[in-house]
Amino acid sequence: MKIMNTFDKQPIWTKSFISIFLSNFFLFATFYGLLTSLPIYVVDELNRSSVDAGLIVTIFLLSAIIIRPFSGKLLQDFGKKKVLMLSLSLFTLSSFLYLWIDHYGLLLALRFFHGIWFSIATTATGAIAADLVPNKRRGEGLGYFAMSMNLAVVFGPFISLTLLQFSSFFVLFLVLALLMVIGVVFTSFSKIKELPASQRIADKKISLEDLFDKKALPIALIGSLVAFSYSSVISFISMYAKELELLEAASYFFVVFAVVMILSRPFSGRLFDTKGPNSVIYPALIFFVLGLILLSFAQTTFVFLLAGGLIGLGYGSLVPCLQTLAIQSTDLKRSGHATATFFTFFDIGIATGSYILGIIVSHLGYEVLYFYSGLFVIGIIAIYTWVQRKKGATSTPVSANL
């Protein structure tokens, strides 16, 4: 049939997909901008310890972890766009509140409140993106969508660390909040097909299957371990750079991270398609190990940025691979639940890592932190191998163009 012959050529970059891509980009840019700058704010402006700085990250993700399992159910019952618009609006409101918070206790409360809307909004954008791309190009489309998060990893910290060199925290918080206003505007332009209201509210009961997708759990657990290791970078890289007197280089750390990741994406996508996920995931884990260990020895700008490139090549390839595997491990109609499951455990990894590794930093220092984080990733390689062997799927290529 003609429809079937042209199905593979259905476009991914529709107006609605671009709108969701951009709204997700600004959402994560604000998230990563705050994640990078708030530890400095807590230590320098509020005169708190590195453990307290780590808790700022943990409390945000704690609320996200509590709420995210319910996100799939909320999207199903009330409609994806309605839930997304509400959560993004409240996330934006929360972003503006940082302008008036100068007490650590109030900052903790705001971070908890902020995390609620982050968890719902990010689950919604991921599920909507999966719905917007053609079914037979879902892996490719989700790979492109993941770029919104990957680019935000660079843009958010770059904006934050650059502004902090020339301006105040007040200006930084204002700029990040205004970015979210732009994100809400882009979201309003998207057109999303929703289930009829009668179908959305048909089932009021909440079961375990509404909270987690069992088939996605193994890969989600691997994702949480990767996130645990990466929390050492996103939570403490700015303070490490400051200690090394390389704070200016810290902003370019994420630029190198992104450039390497973007340049490697076409190659890793084709390799993922033709040789299977392990052909990408194992090398990515090795590069991640090398980057973290090299970071522990960094004393110059060159070594510092080289470590950023290796981490970008490793971690930047890992997350979209694992997320796609989680979504493809379950039924098509449960993409929202698989997304919620993956990011719930990913958030757990970031949250626990930020707090536990903050304790390590306070006792042993940043060099030891990054060296141990590299060794931890070596352990992830062993665990991933065991999980794949248990599934018996190591030789099955997964169709995705990440």
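**Entry 1: the whole chain.** I started with burial: of the 402 residues in the protein chain, 58% are buried. I'm noting here that this is a predicted model. Next I looked up the secondary structure and found 15 helices and 0 strands. Then I checked how far along the sequence the contacts reach. Counting contacts between residues at least 6 apart in sequence, 86% join residues at least 24 apart.

**Entry 2: helix α5.** I picked α5, residues 104-132, and checked its length. Its 29 residues should span 42 Å at 1.5 Å a residue, and the C-alpha atoms at its ends lie 41 Å apart, so the two agree. Is α5 mostly covered or mostly open? Mostly covered, I found, with 23 of the 29 residues buried.

**Entry 3: α5 against α4.** Helix α4 covers residues 80-97, and it packs with α5 at an angle of about 145°, the axes being 8 Å apart. I have this crossing down as left-handed. On the α4 side, the residues making the contact include Leu84, Leu88, Phe91 and Ser95. On the α5 side I jotted down several, among them Phe113, Trp117, Ala121, Ala124 and Ile128. Sorted by class, the contact of α4 with α5 has 15 nonpolar, 5 polar and 3 charged residues. A reminder to myself on spacing: an α-helix has 3.6 residues a turn, so residues three or four places apart point the same way.

**Entry 4: α10 and α12.** I moved on to another pair, α10 (residues 217-243) and α12 (residues 278-296). Their axes are 12 Å apart and the packing angle is about 30°. That is under 35 degrees, so α10 counts as roughly parallel to α12. This crossing is left-handed. Which residues of α12 meet α10? I found Phe288, Leu292, Leu295 and Ser296, and they meet Val226, Ser229, Tyr230, Ser232, Val233, Ile237 and Tyr240 of α10. The contact of α10 with α12 divides into 8 nonpolar and 3 polar residues, with no charged ones.

**Entry 5: Leu61.** Last, I zoomed in on one residue, Leu61, which sits in helix α3 (residues 50-78). Buried or exposed? Leu61 has a relative accessible area of 1%, and the cut-off for buried is under 20%, so Leu61 is buried. Leaving out neighbours within four places in sequence, I listed its contacts as Phe31, Asp347, Ile350 and Ala351. I also looked up Ile348: it is 287 residues from Leu61 along the chain, yet their C-alpha atoms are separated by 7.1 Å.

Note on methods: Residues numbered from 1 in each chain as written. Predicted model: local features only at pLDDT ≥ 70, side-chain atom pairs only at ≥ 80, totals over all residues. Heavy atoms only, no water. Axes fitted to C-alpha atoms, helices over the stretch in contact; angles between N-to-C directions. Helix = DSSP H or I, 4+ residues; strand = E, 2+ residues; numbered from the N terminus. Parallel < 35°, antiparallel > 145°, perpendicular 65-115°, else oblique. Left-handed = near helix turned anticlockwise from the far one by under 90°. Contact = heavy atoms within 4.5 Å. Nonpolar A, V, L, I, M, F, W, Y, C, P; charged D, E, K, R; others polar. Expected span 1.5 Å × (residues − 1). Buried < 20%, exposed > 50% of the residue type's maximum accessible area, 1.4 Å probe, protein only.
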